[in-house]
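Please find below a colleague's note on the structure shown here. The points are numbered and may be read beside the sequence and the model.

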Amino acid sequence: MYPILFEIGPLSVRTYGLLLAVSFLVGIILALRRARARGLNQNKMINMSLLIMLAGIVGARIMYVIPHWNEFSANPLDIISPFQSSGSIGLTGLTMYGGFIAAVLVSILYLRVNGLSVWKACDAFAPSIALGIGISRVGCFMNGCCFGLPTESALGVVFPAFSAAGSFYPDAHLHPAQLYNAVLGFGLFGLLLWLDRKPRFDGFIFAVLLISEPITRFFVDLFRYYESSMTLGSLGGVALSVNQGISIVLVGMGLLLLGWLRNRAGQRSGRNRSRRG
(Lines give C-alpha, C1' and ligand atoms only; values in the text may rest on other atoms or scores of the structure.)
Protein backbone atom coordinates (compact mmCIF):
# COMPACT_ATOMS: atom_id res chain seq x y z
CA MET A 1 0.00 0.00 0.00
CA TYR A 2 1.12 3.56 -0.73
CA PRO A 3 -0.73 6.08 1.48
CA ILE A 4 1.63 8.87 0.36
CA LEU A 5 2.56 9.13 -3.33
CA PHE A 6 5.18 11.84 -2.87
CA GLU A 7 6.10 14.78 -0.66
CA ILE A 8 6.96 18.38 -1.45
CA GLY A 9 8.48 19.86 1.69
CA PRO A 10 5.84 19.59 4.43
CA LEU A 11 3.11 18.85 1.88
CA SER A 12 2.25 15.19 1.38
CA VAL A 13 0.23 14.11 -1.66
CA ARG A 14 -1.86 11.24 -0.33
CA THR A 15 -3.17 8.48 -2.57
CA TYR A 16 -6.63 8.64 -1.03
CA GLY A 17 -6.94 12.38 -1.61
CA LEU A 18 -5.74 12.08 -5.19
CA LEU A 19 -8.14 9.23 -6.02
CA LEU A 20 -10.99 11.09 -4.35
CA ALA A 21 -10.23 14.07 -6.60
CA VAL A 22 -10.06 11.76 -9.63
CA SER A 23 -13.42 10.22 -8.71
CA PHE A 24 -15.02 13.69 -8.59
CA LEU A 25 -13.41 14.80 -11.86
CA VAL A 26 -14.19 11.67 -13.89
CA GLY A 27 -17.65 11.36 -12.38
CA ILE A 28 -18.58 14.94 -13.18
CA ILE A 29 -17.32 14.71 -16.76
CA LEU A 30 -19.40 11.56 -17.30
CA ALA A 31 -22.46 13.07 -15.59
CA LEU A 32 -22.30 16.24 -17.70
CA ARG A 33 -22.25 14.20 -20.89
CA ARG A 34 -25.23 12.19 -19.71
CA ALA A 35 -27.03 15.36 -18.64
CA ARG A 36 -26.48 16.92 -22.07
CA ALA A 37 -27.99 13.83 -23.70
CA ARG A 38 -31.07 14.34 -21.50
CA GLY A 39 -31.44 17.96 -22.62
CA LEU A 40 -30.34 19.55 -19.33
CA ASN A 41 -28.70 22.98 -19.34
CA GLN A 42 -24.93 22.45 -19.22
CA ASN A 43 -24.03 25.64 -17.40
CA LYS A 44 -26.50 24.90 -14.64
CA MET A 45 -25.28 21.32 -14.43
CA ILE A 46 -21.70 22.55 -14.04
CA ASN A 47 -22.80 24.84 -11.21
CA MET A 48 -24.62 21.94 -9.58
CA SER A 49 -21.52 19.77 -9.90
CA LEU A 50 -19.51 22.32 -7.92
CA LEU A 51 -22.21 22.34 -5.25
CA ILE A 52 -22.17 18.54 -5.16
CA MET A 53 -18.42 18.50 -4.50
CA LEU A 54 -18.71 21.04 -1.70
CA ALA A 55 -21.79 19.48 -0.12
CA GLY A 56 -20.31 15.99 -0.43
CA ILE A 57 -17.13 16.89 1.42
CA VAL A 58 -18.93 18.92 4.11
CA GLY A 59 -21.56 16.22 4.66
CA ALA A 60 -18.97 13.45 4.79
CA ARG A 61 -16.92 15.42 7.28
CA ILE A 62 -19.86 16.22 9.55
CA MET A 63 -21.01 12.62 9.64
CA TYR A 64 -17.49 11.52 10.61
CA VAL A 65 -17.05 14.18 13.29
CA ILE A 66 -20.34 13.53 15.13
CA PRO A 67 -19.52 9.98 16.33
CA HIS A 68 -15.80 10.85 16.71
CA TRP A 69 -16.24 14.07 18.66
CA ASN A 70 -13.68 12.95 21.25
CA GLU A 71 -11.02 13.34 18.55
CA PHE A 72 -11.91 17.01 18.01
CA SER A 73 -13.21 18.26 21.37
CA ALA A 74 -9.77 19.56 22.42
CA ASN A 75 -9.09 21.21 19.04
CA PRO A 76 -12.41 21.93 17.26
CA LEU A 77 -10.58 23.88 14.54
CA ASP A 78 -9.23 20.54 13.29
CA ILE A 79 -12.72 19.88 11.93
CA ILE A 80 -12.27 22.39 9.11
CA SER A 81 -8.61 23.40 9.09
CA PRO A 82 -6.25 21.58 6.71
CA PHE A 83 -3.45 22.46 9.14
CA GLN A 84 -4.05 19.99 11.93
CA SER A 85 -2.99 20.49 15.55
CA SER A 86 -0.92 17.31 15.21
CA GLY A 87 1.28 19.07 12.65
CA SER A 88 -0.07 17.16 9.64
CA ILE A 89 -1.61 18.86 6.63
CA GLY A 90 -4.96 17.75 5.26
CA LEU A 91 -8.32 16.53 6.52
CA THR A 92 -8.61 12.88 7.55
CA GLY A 93 -11.94 11.31 8.36
CA LEU A 94 -14.88 11.26 5.94
CA THR A 95 -18.04 9.14 5.96
CA MET A 96 -19.41 8.35 2.51
CA TYR A 97 -23.10 8.30 3.38
CA GLY A 98 -22.88 11.75 4.95
CA GLY A 99 -21.50 13.10 1.69
CA PHE A 100 -24.06 11.22 -0.41
CA ILE A 101 -27.05 12.43 1.60
CA ALA A 102 -25.83 16.04 1.69
CA ALA A 103 -25.09 16.06 -2.06
CA VAL A 104 -28.52 14.63 -2.95
CA LEU A 105 -30.39 17.14 -0.76
CA VAL A 106 -28.43 20.11 -2.10
CA SER A 107 -28.87 18.89 -5.68
CA ILE A 108 -32.64 18.50 -5.35
CA LEU A 109 -32.94 21.99 -3.86
CA TYR A 110 -30.81 23.47 -6.65
CA LEU A 111 -32.78 21.68 -9.36
CA ARG A 112 -36.11 22.80 -7.91
CA VAL A 113 -35.00 26.43 -7.61
CA ASN A 114 -33.76 26.43 -11.21
CA GLY A 115 -36.79 24.66 -12.65
CA LEU A 116 -34.85 21.64 -13.90
CA SER A 117 -36.01 18.03 -13.99
CA VAL A 118 -34.92 16.43 -10.73
CA TRP A 119 -35.18 12.85 -11.92
CA LYS A 120 -33.48 13.40 -15.28
CA ALA A 121 -30.54 14.95 -13.43
CA CYS A 122 -30.49 12.18 -10.81
CA ASP A 123 -30.37 9.57 -13.57
CA ALA A 124 -27.54 11.48 -15.25
CA PHE A 125 -25.43 11.49 -12.09
CA ALA A 126 -26.29 8.02 -10.70
CA PRO A 127 -23.60 5.99 -12.53
CA SER A 128 -20.98 8.56 -11.52
CA ILE A 129 -21.79 7.94 -7.86
CA ALA A 130 -21.17 4.22 -8.28
CA LEU A 131 -17.95 4.89 -10.22
CA GLY A 132 -16.80 7.31 -7.52
CA ILE A 133 -17.31 4.64 -4.87
CA GLY A 134 -15.18 2.22 -6.85
CA ILE A 135 -12.31 4.67 -7.36
CA SER A 136 -12.30 6.19 -3.86
CA ARG A 137 -12.41 2.79 -2.13
CA VAL A 138 -9.20 1.84 -3.89
CA GLY A 139 -7.79 4.96 -2.23
CA CYS A 140 -9.08 3.69 1.13
CA PHE A 141 -7.20 0.43 0.58
CA MET A 142 -3.99 2.25 -0.31
CA ASN A 143 -4.44 4.41 2.79
CA GLY A 144 -5.12 1.48 5.11
CA CYS A 145 -8.38 2.94 6.44
CA CYS A 146 -11.93 1.50 6.36
CA PHE A 147 -10.35 -1.91 6.95
CA GLY A 148 -12.00 -5.24 7.58
CA LEU A 149 -12.08 -7.75 10.40
CA PRO A 150 -9.48 -10.50 10.91
CA THR A 151 -9.90 -13.52 8.63
CA GLU A 152 -8.21 -16.83 7.92
CA SER A 153 -9.34 -16.85 4.29
CA ALA A 154 -6.95 -16.55 1.36
CA LEU A 155 -8.29 -13.05 0.75
CA GLY A 156 -6.77 -11.74 3.98
CA VAL A 157 -4.32 -8.82 3.74
CA VAL A 158 -1.63 -7.84 6.26
CA PHE A 159 -1.36 -4.06 6.46
CA PRO A 160 1.86 -2.24 7.45
CA ALA A 161 2.22 -1.20 11.08
CA PHE A 162 2.18 2.53 10.16
CA SER A 163 -1.35 2.28 8.75
CA ALA A 164 -4.56 2.51 10.77
CA ALA A 165 -5.32 -1.13 9.99
CA GLY A 166 -1.83 -2.33 10.85
CA SER A 167 -1.63 -0.38 14.09
CA PHE A 168 -4.97 -1.73 15.27
CA TYR A 169 -4.44 -5.32 14.08
CA PRO A 170 -0.65 -5.81 13.89
CA ASP A 171 0.46 -8.72 11.68
CA ALA A 172 -3.14 -9.91 11.29
CA HIS A 173 -4.79 -10.99 8.05
CA LEU A 174 -7.75 -8.68 7.49
CA HIS A 175 -10.64 -8.69 5.06
CA PRO A 176 -9.86 -6.12 2.34
CA ALA A 177 -13.29 -4.56 2.86
CA GLN A 178 -12.20 -1.52 0.87
CA LEU A 179 -11.63 -3.65 -2.23
CA TYR A 180 -14.93 -5.48 -1.73
CA ASN A 181 -16.61 -2.06 -1.85
CA ALA A 182 -14.53 -1.02 -4.85
CA VAL A 183 -15.38 -4.12 -6.90
CA LEU A 184 -19.08 -3.80 -6.09
CA GLY A 185 -18.97 -0.08 -6.91
CA PHE A 186 -17.45 -0.75 -10.34
CA GLY A 187 -19.95 -3.58 -10.87
CA LEU A 188 -22.87 -1.32 -9.99
CA PHE A 189 -21.48 1.31 -12.36
CA GLY A 190 -21.56 -1.22 -15.19
CA LEU A 191 -25.06 -2.39 -14.22
CA LEU A 192 -26.48 1.12 -14.29
CA LEU A 193 -24.98 1.86 -17.70
CA TRP A 194 -26.34 -1.46 -19.00
CA LEU A 195 -29.84 -0.73 -17.67
CA ASP A 196 -29.69 2.74 -19.22
CA ARG A 197 -29.30 1.34 -22.73
CA LYS A 198 -33.10 1.17 -23.08
CA PRO A 199 -35.59 4.01 -22.51
CA ARG A 200 -36.77 4.09 -18.89
CA PHE A 201 -39.03 6.39 -16.93
CA ASP A 202 -37.24 9.34 -15.33
CA GLY A 203 -35.68 8.44 -11.99
CA PHE A 204 -35.41 4.70 -12.69
CA ILE A 205 -31.60 4.59 -12.75
CA PHE A 206 -31.30 6.66 -9.58
CA ALA A 207 -33.86 4.49 -7.78
CA VAL A 208 -31.90 1.36 -8.73
CA LEU A 209 -28.76 2.97 -7.31
CA LEU A 210 -30.60 3.91 -4.12
CA ILE A 211 -31.66 0.28 -3.67
CA SER A 212 -28.58 -1.57 -4.89
CA GLU A 213 -25.69 0.34 -3.36
CA PRO A 214 -26.96 0.13 0.26
CA ILE A 215 -27.53 -3.60 -0.16
CA THR A 216 -23.93 -4.12 -1.21
CA ARG A 217 -22.75 -1.82 1.58
CA PHE A 218 -24.77 -3.70 4.19
CA PHE A 219 -23.11 -7.02 3.34
CA VAL A 220 -19.60 -5.59 3.00
CA ASP A 221 -19.98 -4.07 6.45
CA LEU A 222 -20.41 -7.56 7.87
CA PHE A 223 -16.68 -7.96 7.23
CA ARG A 224 -15.59 -4.44 8.23
CA TYR A 225 -14.26 -3.19 11.54
CA TYR A 226 -16.11 -0.38 13.32
CA GLU A 227 -15.39 1.24 16.65
CA SER A 228 -18.16 1.17 19.26
CA SER A 229 -19.20 4.76 18.49
CA MET A 230 -20.19 3.63 14.98
CA THR A 231 -22.40 0.72 16.05
CA LEU A 232 -26.14 0.77 16.75
CA GLY A 233 -26.38 -2.54 18.58
CA SER A 234 -26.55 -6.18 17.57
CA LEU A 235 -28.81 -8.07 15.19
CA GLY A 236 -28.82 -11.82 15.71
CA GLY A 237 -25.54 -11.57 17.59
CA VAL A 238 -23.91 -9.52 14.82
CA ALA A 239 -22.99 -5.88 15.50
CA LEU A 240 -25.05 -3.51 13.37
CA SER A 241 -23.12 -0.44 12.20
CA VAL A 242 -24.53 3.05 11.77
CA ASN A 243 -23.91 2.71 8.04
CA GLN A 244 -25.89 -0.53 7.94
CA GLY A 245 -28.77 1.23 9.67
CA ILE A 246 -28.61 3.99 7.07
CA SER A 247 -28.45 1.34 4.34
CA ILE A 248 -31.72 -0.21 5.52
CA VAL A 249 -33.43 3.19 5.45
CA LEU A 250 -32.05 4.00 1.97
CA VAL A 251 -33.22 0.68 0.53
CA GLY A 252 -36.71 1.33 1.86
CA MET A 253 -36.68 4.83 0.40
CA GLY A 254 -35.42 3.49 -2.92
CA LEU A 255 -38.21 0.91 -3.14
CA LEU A 256 -40.84 3.53 -2.35
CA LEU A 257 -39.32 5.92 -4.89
CA LEU A 258 -39.21 3.24 -7.57
CA GLY A 259 -42.87 2.36 -7.02
CA TRP A 260 -43.97 6.02 -6.98
CA LEU A 261 -42.04 6.88 -10.14
CA ARG A 262 -43.38 3.82 -11.95
CA ASN A 263 -46.98 4.68 -11.03
CA ARG A 264 -46.44 8.29 -12.06
CA ALA A 265 -45.01 7.24 -15.42
CA GLY A 266 -47.92 4.85 -15.93
CA GLN A 267 -50.47 7.55 -15.18
CA ARG A 268 -48.82 9.96 -17.61
CA SER A 269 -48.73 7.29 -20.28
CA GLY A 270 -52.44 6.61 -19.72
CA ARG A 271 -53.32 10.31 -20.00
CA ASN A 272 -51.33 10.59 -23.24
CA ARG A 273 -53.18 7.63 -24.75
CA SER A 274 -56.51 9.16 -23.74
CA ARG A 275 -55.62 12.42 -25.46
CA ARG A 276 -54.62 10.64 -28.65
CA GLY A 277 -57.83 8.62 -28.51
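1. Contact here means heavy atoms within 4.5 Å.

2. Basis of the note. The model is predicted, so local features need pLDDT of at least 70 and side-chain atom pairs count only at pLDDT 80 or more, whereas totals for chains, interfaces and linings use all residues. Residues are numbered from 1 along each chain as its sequence is written, and side-chain values use heavy atoms, with hydrogens and water left out.

3. Overall architecture. The protein contains eight helices and four strands, where helices (H or I, at least four residues) and strands (E, at least two) are DSSP runs numbered from the N terminus. Their order along the sequence is β-β-α-α-α-α-α-α-α-β-β-α. The radius of gyration is 20 Å, close to the 19 Å that the globule rule gives for 277 residues, so the protein is as compact as a globular protein of that length. This radius is taken over C-alpha atoms, and the rule is 2.2 Å times the number of residues to the power 0.38.

4. Extent and burial. The C-alpha trace spans about 75 × 45 × 35 Å along its principal axes. Of the 277 residues, 45% count as buried. Buried means under 20% relative accessible area, exposed over 50%, and partly exposed in between (1.4 Å probe, protein chains only).

5. Helix 1 and helix 4. Two packed helices are described by the angle between their axes and the distance between the axes. The axes of helix 1 (residues 15-37) and helix 4 (residues 118-143) come within 8 Å and cross at roughly 165°. Axes are lines fitted to C-alpha atoms, for helices over the stretch in contact, and angles run from 0 to 180 degrees between N-to-C directions. Helix 1 and helix 4 are therefore roughly antiparallel; angles over 145 degrees count as such, those under 35 as roughly parallel, 65 to 115 as roughly perpendicular and the rest as oblique. The crossing of helix 1 and helix 4 is right-handed. A crossing has this hand if the near helix is turned clockwise from the far one by less than a right angle, and is left-handed if anticlockwise. The contact of helix 1 with helix 4 involves 16 nonpolar, eight polar and two charged residues. Ala, Val, Leu, Ile, Met, Phe, Trp, Tyr, Cys and Pro count as nonpolar, Asp, Glu, Lys and Arg as charged, and the others, Gly among them, as polar.

6. Ala-124 in helix 4. Is Ala-124 buried or exposed? Ala-124, a residue of helix 4, is buried at 0% relative accessibility. Leaving aside neighbours within four places in sequence, Ala-124 is in contact with Ala-31, Arg-34, Ala-35 and Arg-38.

7. Helix 3 and helix 4. Helix 3 (residues 96-113) packs with helix 4 at an angle of about 160°, the axes being 12 Å apart. That makes the pair roughly antiparallel, and the crossing of helix 3 and helix 4 is right-handed. Helix 3 contributes Met-96, Phe-100, Ile-108, Leu-111 and Arg-112 to the contact, and helix 4 contributes Val-118, Ala-121, Ile-129, Ile-133 and Arg-137. By class, there are eight nonpolar, no polar and two charged residues.

8. Helix 3 and helix 7. The axes of helix 3 and helix 7 (residues 204-220) come within 13 Å and cross at roughly 165°, and the two helices are therefore roughly antiparallel. The crossing of helix 3 and helix 7 is left-handed. Among the residues that make the contact are Met-96 and Phe-100 of helix 3 and Phe-206 and Leu-210 of helix 7.

9. Backbone points to check. Most residues other than glycine have a negative phi. Cys-146, although not a glycine, has a positive phi of about 55°. Cys-146 lies in the loop between helix 4 and helix 5 (164-168) and is buried, with a relative accessible area of 18%. Asp-171, also not a glycine, has a positive phi of about 60°. Asp-171 lies in the loop between helix 5 and helix 6 (177-195) and is exposed at 68% relative accessibility.
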